[in-house]
Amino acid sequence: MTPELPDFGMHEVIVSLPDIELDDLVPACEVLCQEGFRLWSVPVARLDDVAGLLRLFGRRAKVGVHDVSEPGQVVAAAAAGAVFAASTYLLPELVAAVPELPVILGGLTPSELHDGILAGAAGVQLIPTEAFGTAYARTLPELVKPAPLIATGRLERYQAELWLEAGAVAVWPTALVTATLASGDSLDGLRVTLQQWRLHD
């Protein structure tokens, strides 16, 4: 049985946390919680941060792992308490590594996304979404139904809204929270950015 993806929250946004030290990241994560963004993902290179983030925010946020490319990384993500493991690519071997952990596989074409679904992925992500126009956004979610489709890439808010309206279950704007925004002396810029992305408000 395919495991279910976690709840995407009120804004239906997955937030990629930047590759910075955990101590520098904690204040930014507090702002994320305050603004209602509670589903995060860390790059697999910072897998060790998952336990620390869950210790501090585990009652308010959930953490996944992205850029996964090997089954062993899926195993490590599950052991750390991650709620999903995501790959940019179509790598079916990742799905069987930990059957109870939701795996998100990537693809660029309907055929690749369909193959990810057949492999047992809990969801598929179109990446990079910005490579396509609005016509693709209006048709692709229908093509992959009922599988959960996530629109991933360097998205603008209007593009994110379009994908959600077309049937995507979530959007993943990969450059939403940058290292500069997350580690500056003031987090006002981060807060303003997040408030602009409070989808459905």
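Predicted model: local features only at pLDDT ≥ 70, side-chain atom pairs only at ≥ 80, totals over all residues.
1. Residues are numbered from 1 along each chain as its sequence is written, and side-chain values use heavy atoms, leaving out hydrogens and water.

2. Back to the largest pocket: 16 residues line it, and Asp7, Gly9, Arg38, Leu39 and Arg60 lie nearest its centre. Its space comes to about 200 Å³. A pocket here is an open set of points on a 1 Å grid over the protein atoms alone, where a 1.4 Å probe fits, with protein on both sides within 12 Å along at least five of seven lines; lining residues have an atom within 4 Å of a point. The volume is the space filled by probe spheres set on the points, which are joined across faces, edges and corners.

3. Now the helices, starting with H1 (residues 22–34) and H2 (residues 49–57), which pack at about 45° with axes 11 Å apart. Helices are DSSP runs (H or I, at least four residues), strands likewise (E, at least two), numbered from the N terminus. Axes are lines fitted to C-alpha atoms, for helices over the stretch in contact, and angles run from 0 to 180 degrees between N-to-C directions. H1 and H2 are therefore oblique to each other; angles under 35 degrees count as roughly parallel, over 145 as roughly antiparallel, 65 to 115 as roughly perpendicular and the rest as oblique.

4. H1 passes H2 in a right-handed crossing, meaning the near helix is turned clockwise from the far one by less than a right angle. On the H1 side the contact (heavy atoms within 4.5 Å) is made by Leu22, Leu25, Val26, Cys29, Glu30 and Cys33, and on the H2 side by Asp49, Gly52, Leu53, Leu56 and Phe57. That contact divides into 8 nonpolar, 1 polar and 2 charged residues.

5. H4 (residues 110–118) packs on H5 at about 30°, with the axes 10 Å apart. The two are therefore roughly parallel to each other, and their crossing is right-handed. Pro110, Leu113 and Ile117 of H4 meet Tyr136, Leu140, Leu143 and Val144 of H5. The tally for this contact is 7 nonpolar, no polar and no charged.

6. H5 (residues 134–144) also packs with H6 (residues 157–166), at about 30° and with axes 8 Å apart. That makes H5 roughly parallel to H6, and this crossing is right-handed too. Thr134, Tyr136, Ala137, Arg138, Leu140 and Pro141 of H5 make the contact with Leu162, Trp163 and Ala166 of H6. By class, there are 7 nonpolar, 1 polar and 1 charged residues in it.

7. Some backbone details to look at. Most residues other than glycine have a negative phi, and most peptide bonds are trans. The bond from Ile127 to Pro128 is cis, with omega near 0°, and Pro128 sits in the loop between strand E6 (123–126) and H5. The bond from Lys145 to Pro146 is cis as well, with omega near 5°; Pro146 is in the loop between H5 and strand E7 (149–153).

8. Finally, Glu12 has a positive phi, near 55°. Glu12 is found in the segment before strand E1 (15–16).

Note on methods. Nonpolar A, V, L, I, M, F, W, Y, C, P; charged D, E, K, R; others polar.
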